[in-house]
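Trainee: Could you take me through this model with a few questions, starting with its strands?

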Amino acid sequence: MAFNITDIHWTATNLPANLTINESTGVISGTPTVDPGEYTATLQVSTCYGDSPTETIKIVVAIPESWKPVITPNQVVNVTADTAMTNYEVQGTNVR
């Protein structure tokens with residue numbers, strides 16, 4: 001005999017900001033708007049039979065490529081041994 005589980009309802013707590021769970025399908029989606037790092041979310045599913053198991057998952061939000069620092073210029077600087085080097089300024093983008 002096959003059971004027909006109906007009225008499935010998914011919930012999630014502690015998702016990173018701007019991520020949501022579809023209450024009918026359990027699909028988590030969105031664009032996280034938080035600092036990169038590890039986040040622990042708790043998922044729960046309820047059915048018409050009243051059971052409500054929970055499980056935790058770890059969501060890792062990575063640093064986007066556009067946030068990574070870039071050093072410029074990338075060129076050769078000539079110096080002479082035993083001679084003081086003049087000030088050379090290193091510049092970069094996305095330096096926080």
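Mentor: Two strands pair if DSSP finds at least two bridges between them. This is a predicted model, in which local features need pLDDT of at least 70, side-chain atom pairs count only at pLDDT 80 or more, and totals for chains, interfaces and linings use all residues. Residues are numbered from 1 along each chain as its sequence is written, and side-chain values use heavy atoms, with hydrogens and water left out.

Trainee: How many bridges join strand 4 to strand 5?

Mentor: Strand 4 covers residues 37-46 and runs antiparallel to strand 5. Within this pairing, glutamate 38 stands opposite valine 60 of strand 5. The bridges that join strand 4 to strand 5 number eight.

Trainee: Why does valine 27 count as partly exposed?

Mentor: Valine 27 sits in the loop between strand 2 (19-21) and strand 3 (28-30). Buried means under 20% relative accessible area and exposed over 50%, with partly exposed in between (1.4 Å probe, protein chains only). Valine 27 counts as partly exposed because its relative accessibility is 48%.

Trainee: Which residues does valine 27 touch, not counting residues up to four places away in sequence?

Mentor: Contact means heavy atoms within 4.5 Å. With residues up to four places away in sequence not counted, valine 27 touches Thr20, Ile21 and Asn22.

Methods
Helices (H or I, at least four residues) and strands (E, at least two) are DSSP runs, numbered from the N terminus.
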